[in-house]
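Colleague: Could you take me through this model? I would like to begin with the helices and then turn to the core and the backbone.

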Amino acid sequence: MHIKKYSTSKKLAMIFTYLQIIAQSVSTLFLTRFYIQQLGEEAYGFYQMIYAVAQYILILDLGISATMIRYIAEFDARDDHKKAENFAFHMMVVMGLILCFIVGVGIAVGSNIGNIYTSFTPVEITLAQKIFRVMILQISATVFSHFAQGIALAYNRYSFVKGVAIMQILVGAVLSVAFVLFGMGIEGIVRANTIVIILNAIAVICFDFFVLKFKIKFHKLDFAMMRPATILMLAMLLQSVIGYVNTSVDKTILGVMTTKHDVAVYSIAATIISMFNALPTAVSSVYQPDAVRLVVKGADSTQINDFISKPGRIQFIITGGFIAGWILFGMDFIKCWTGPNTIMAWAYVLIIMVPNMLPLIQNTILAILNAKDKRIFRSLILGLIVIINIALTVFLVKKIGPIGAPIATGISYIIGHCIIMNIYYWKELKLDVIDMLKKITKGILPCVLITTALCSPLLFIKNKGNWLLFIFKAMVFCVIYAFTLYKWGLNKKEKQEITKKLSKFKKNN
């Protein structure tokens, strides 16, 4: 087997990652508004309730893509192509078992959907079961797609995989709109998503076979090879369980304890939060290889502190500006996007977003934890966060209604991410967390506060749902924020990097 030795550069990978984030964000914003307008808030909430249950089943993919990348890349580095082929065959067998299990669990859960959501009418239960069967096919296609992507990404073909993902988003959006307009309703949304996921899987597996010339071939039964891979898959399962539960638990509990409208409003907030999380995370992902090299070279805590602070400043510029803009113009955005009936989503977003900012600007620490093989403690803390979140959500929703869900999530983040994990970083990694935060926020925090103060008079210009007025306010905010950052927020080295890139751009044009 011969694999051509070229790969996606770090800059190109970043570009495609951000293009995917932009495509996903624009598509989600448009489709959410479209669905609510065409189907109504109740129907959209109904769809989100079913989707939340289906997402739990997807965690059974055991992180198959990450496992494929980890081991095929290692075998390729050793030029042991037979072992790569043999490993892919073993993983294909594992995938087959996973798919059988997913179908079995899906049938069992789908049959009992009425017991999960007791508020559903008999007609809604029938519709939910019909949709859920299609979702099981969708989940199965997603697992196969992850298997195929693992091969391509092991050889650093990020541009192709991300390019196909972007096409999936765009084609999926067009099909969803068409199917809904043709009167297919929620079923049309699920079918559209299923079609594009299947097409994605076909495109990537064809790329693996016909472009990379990769072969999935059995050479010998190798339990020694699969033992560490199994441990990694179980670790990924634990992380996935915690991650999916934490992102879906509020919607599930609200679906059981409140109304479809409340689920719809919370889903709108969750969409904004997922965008907020994606932007700074894309920055830290680029630094992961450098983190490994730093640890291997035996860097001390001061060097690691400085290393985390550099991307942390970029992440704080993004998150700080996002939160300030949301405080000022978030209500305007909700009115323009989904209408005044969902205005509570503004508060939900803010309650969750603020405590989540700290772990996001420290996100590069995760690469250090991986390099030091110290990820397990964080996984356990994530489990604790989920337990606290579930207990508090049930208690607070009973006491104060739907807003108890985001409050519970915010409190669990403060306890787990902000307090316990930072004590761990201080005690175990010997990091000076206070000094790190000072370096990250130095100069930038005043710019966030100044921009917020200077733009606050714009609140007196009332917006009842006009996109042009919202865009005008947002542009004023961005211009002032950019000016204050360059004038007072950025350090000398950061300004030099910007000047250098601008000079290079002018020269090329």
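Predicted model: local features only at pLDDT ≥ 70, side-chain atom pairs only at ≥ 80, totals over all residues.

Colleague: Which residues of α18 are buried?

Modeller: Ile444, Cys447, Val448, Thr451 and Cys455 are buried in α18, where buried means under 20% relative accessible area with a 1.4 Å probe, protein chains only. They lie on the same side of α18, because they cover an arc of only 100° around the axis.

Colleague: And what covers them?

Modeller: The cover includes α12 (301-337), α17 and α19 (467-489).

Colleague: Turning to the core, how many residues are in the largest nonpolar one?

Modeller: The largest nonpolar core has 133 residues. Phe87 is among those with the most contacts inside it.

Colleague: What does Phe87 touch, leaving aside neighbours within four places in sequence?

Modeller: Its contacts (heavy atoms within 4.5 Å) include Thr67, Met68, Tyr71, Met225 and Ala229.

Colleague: Where is Lys213, then?

Modeller: Lys213 is in the loop between α8 (185-211) and α9 (223-257). Although Lys213 is not a glycine, its phi is positive, about 60°.

Colleague: What about Lys430: buried or exposed?

Modeller: Lys430 is exposed (over 50%), with a relative accessible area of 57%. Lys430 also has a positive phi of about 60°.

Methods:
Residues numbered from 1 in each chain as written. Heavy atoms only, no water. Helix = DSSP H or I, 4+ residues; strand = E, 2+ residues; numbered from the N terminus. Core = buried A, V, L, I, M, F, W, Y, C linked by side-chain atoms within 4.5 Å. Arc of directions from axis to C-beta.
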